[in-house]
Amino acid sequence: MKPPPFAYECPTEVADAVALLAAHGADARPLAGGQSLVPLLNFRLARPAVLVDLNRIAALGHVTVENGALRIGAMARQAAVEADPGVARGWPLLTDAISHIAHPQIRNRGTIGGSLAHNDPAAELPAVMLALDAEMTALGPEGTRTVPSGEFFAGTMETALAPDELLTEIRVPELPEGTGWSFREAARRQGDFALVAVAVLLRPSGSSSGIDARVVVTGTGDGPQRMREAEAVLAERGTGGDACEAAGNAAAQASEPADDPHAPAWYRQRLVAALTRRACREAAMRMGR
Amino acid sequence: MTTQLIGEPVERREDARLLTGRARFIDDIHLPEMLHAAVLRSPHAKARFTRIDASAALALPGVHAVITHEDLGSANAPMPLLNEDPGFIYPRTHQALAPGQVRFVGEAVALVVADSRYLAEDALDLIEVDYVPEPAAVDLAAAAQPGAPLVHDDTESNVACRTADNTGDIESAFAAADFVLREELRPERGAAQPMETRGVVARYDASLEQLTIWDTTQAPVSARGVIADKLGMAEAAVTVIAPDVGGGFGVKIYLVYPEEVLVPFAARMLDRPVKWIEDRREHFIGSNHERLMVHRIEVAATKDGRILGIKDHFLYDSGAYCPYGPINAQCAQAILPGPYKIPAVHSTYEAVYTNTPTVSPYRGAGQPHGNFVTETAMNHVACALGLDAAEIRRRNLVRPEDCPWDSGRIFQGNTPFIHRDSDYPAQLAKALDALDYEGVKRSQPAEREQGIFRGAGIAFFVEGTGISPYEGVEVRVEPTGHVHVTTGYPSQGQGHHTTLAQVVAETLAVAPEQVVVESGRSDRFAWGVGTFASRSAVVGGSAALGAAKAVRARALDLASDELEVAPEDLVLEDGAVHVKGAPQMAVTLGALAYAANPINTLTSGAEPGLRAADYYRSPDGAIASGVHGAVVVVDVATGMVEIETYVVVHDCGVMINPTIVEGQILGGTAQGIGGAFYEKLRFDDDGQPLVTTFMDYLIPTAMEIPSIEIHHMESRCSLNPLGVKGVGEGGAIPAAAAFAGAVEDALEPFGATVRAVPLDPPAILALIEGRAES
């Protein structure tokens, strides 16, 4: 479990990092917190010729609230965002979800941007960013572009980033007053990747039920999945009666997990139903507070 | 005065070094000019090959050697068979490097030696082997069938061993039964996974023709014999040292793993020190596994719950080789009647070769399996008869007034399993009380109305400990007054140095700080077997007591000469011998040791020094016992389980150090819970391992293990002078059955019946939904 040979670059400016990626193309891999990439290197499952270490780039570590929106530098540590009081006030869904990521030691090194760019199909952060309608800022040789989270996650460990593009910032819009939220995860052990996790946001709106619902599930396929049928159930019927249960069942029906060594597909569907139901109820209780 | 130390919670003398990073594990050994090795392992479960092309690897700068089976010569002779079994049909042991045929994914094929481990692994990528894959026998039941692909081509079947152990009149038992339970029960494959993986460092001193090997082995003295034999060297020219070792649990006693021959071979060949450290992936595929058995059991019972007889036929997965003998199957078989008076027990096992890593003991060595079978069957008989799970146990227990009660079973080390020195009914009563068993049962109807599914499970264990063969300990008083204690069996974290110091210091009336303990170095003490089977306190502790008593007698004799007073008028206190009633007439142990120096006193034929060695064998072992109880709550929507309460009542006889006893119980129980709910090794149909990381092999962490409440019952063992019974494995043995019983009880409204562990949440949801188990 030692990596094969690679060249190591350690730029201190974002532009230099992007230039290195442009120069080496697909042979280069950016190194953020290293909590996924380093094991892949040690197992010799990833064999990049060049590692571009982003850890010395001071400009990518910010966590700020600007005009109501949250701006997170791609290299901000998960632990820093978890502990940020502004995040906890405005986006408690994000704070809570981060506490489910692995263990404190890993969150001390792991970065928000690293997790999003890696896009493990059972990771928490892509699901949460999709639920929060976050926007990703990418910098490439052609300059900066913004990618909505709905277009950013492109499949198992795939994103909209080109090989020579770097994720630099995540922008999370302000949530309306009274938004209810919940994050529910089932994992075998504290800190494991989710068997299934569900993020629910209930925004007050002018719909028939007064709710604009966002339901995102992860762990069931090739990345975070918006459960539009479940969202429609909640928008139409609210959260009273058996609406949450119906939303859970709709989400389970829309999910398409596969059998794997940790769980058969039918079991993950049961989890989607149960966790979605519980998350909807919890989010409903938090609405308007 | 003489201070009592046996029984005191003395602080572990090992901890200061271990907790401040000053311990020296294998990977902390750095020698000048040292090279690093990596092992090329088979990617196929079964394949033949004729050619290993290492030319590209050898051309890589920094690569010093690629060693294959052809280079080893007689060093590649098959490893010894450690344990005979009367039922052996095809005993087969492994070789250091596969000679043209591989039998599991992970089997060693070549050794690369290079300037660094990085380079050695680069070289592994460059070695070409012309494997021709063949069909593999992977599934245990399928491998046992006629016509299955053969693991060893020179056999006619994969059944390595078929052995019956029959006690009592089974026909009459079943003829008299009101009810017969028939069931298939399956404890799954797991592995110990000690925190430190294996490792070997070897240095050959050409000027002295001496080989020194640092090895994570649990048996350095025994390993020295095998390694010397394989390398064609005198035992006198080989030293094996087990330094600080980070956990063993059985997986580090094998005699020997390939690397224990290969690394010294390479060091001698290259005349450079060589280090090999097993990485975690290698440990998953290159070190031994445990647990998988399939038991088909029949239990004959009367309608009032008396168990009349057990018939058990089981398959035991031996993996690719069987050098340890089918010890796990023997132990499972011996333990079947548990603490119960069961008049007839007939059991036959078939140990079966499969194209998977070799199986050898892991904490409990088959006893967790046998225990799961019996205790789960007890639950199922109780359920069928409408009896409470505690009540059926109470009705069948061996009672103190029955003892000694010969179960008729023969345990590992040819030890008769005779119950004595314990009170099983009292253990049960204490466990039920601590668990609030009645309270849990009383609350169930109302809780179930509210959708809360809480249940209680209990499981007994009896454990064969302190088995043969022997261990030895030498105690020597220095002229400095320090007491030097040496033994051959090493520690992997058990705190032997603390407990041995307690025994010796109390016997010699010195402060424990005066006692220096050394273990696990074949050059310091060259007799002994190893650390396994919960035997160190019983066997090694008794030897230490014997040696210390002999030293005390010699000290009194020497003092008698010195003080010109008869020995019976002398006492040993506070590190000195003095005349009874006249403490001023004293001579210290150090002064006596000086007086015993051969310069001063030796006459021909006499022994020098104030020293003695003692060797102890416990032909009847020592049976430890206890009850585990768990209260769990099952989330019936997700199959997740929370363990609310976990109680251990146990009797390991006299406790030399209660803190160390509690540590053993906590660790063992945690591993038992792992086997009950989390840990499972899986292979695909071709024998490819699917679980080779801690992301997939779910060892419970401190977050998953509940607070465990321990109750000691201390019944002195009458079979050894310390009065101790072993405690190393008891924690691990009944945990699966207790957990499974609690889950079954919680899910009683669903008619859930547990037949396999580990239970994972999908399996639990399947029980709830009545699905065919996945």
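A residue is termed buried under 20% relative accessible area, exposed over 50% and partly exposed in between (1.4 Å probe, protein chains only). By this criterion, B:Asp651 counts as buried at 1% relative accessibility. The model is predicted, so that local features need pLDDT of at least 70 and side-chain atom pairs count only at pLDDT 80 or more, whereas totals for chains, interfaces and linings use all residues; side-chain values use heavy atoms, with hydrogens and water left out. Residues are numbered from 1 along each chain as its sequence is written, and chains are lettered from A and ligands numbered from 1 in the order in which they are written.

B:Asp651 takes part in one with B:Lys725, the closest N and O atoms being 3.1 Å apart. B:Lys725 lies in the loop between strand E30 (708-712) and helix H20 (735-746) of chain B, and B:Asp651 in strand E29 (residues 641-651) of chain B, so the pair ties together parts 74 residues apart in sequence. B:Lys725 is likewise buried, with a relative accessible area of 3%.

In chain A, the side chains of A:Arg214 and A:Asp133 form a salt bridge at 2.6 Å, N to O. This pair links distant parts of the chain, 81 residues apart: A:Arg214 belongs to strand E13 (residues 211-218), and A:Asp133 to the loop between helix H8 (124-131) and E6. A:Arg214 is buried, at 8% relative accessible area, while A:Asp133 is partly exposed at 33%.

Secondary-structure elements are DSSP runs numbered from the N terminus (helices, H or I, at least four residues; strands, E, at least two), and two strands pair if DSSP finds at least two bridges between them. Chain A contains an open sheet of five strands in the order E4-E5-E10-E6-E7, with antiparallel pairing. Strands E4 (63-66) and E7 (143-148) form its edges, each pairing on one side only. From one strand to the next, the twist averages 25 degrees. Helix H1 (residues 14-24) of chain A packs on the sheet, touching strands E6 (135-140) and E10, and its direction makes about 130 degrees with that of E10. Contact denotes heavy atoms within 4.5 Å; axes are lines fitted to C-alpha atoms, for helices over the stretch in contact, with angles from 0 to 180 degrees between N-to-C directions.

Methods:
Salt bridge = Lys/Arg side-chain N within 4 Å of Asp/Glu carboxyl O.
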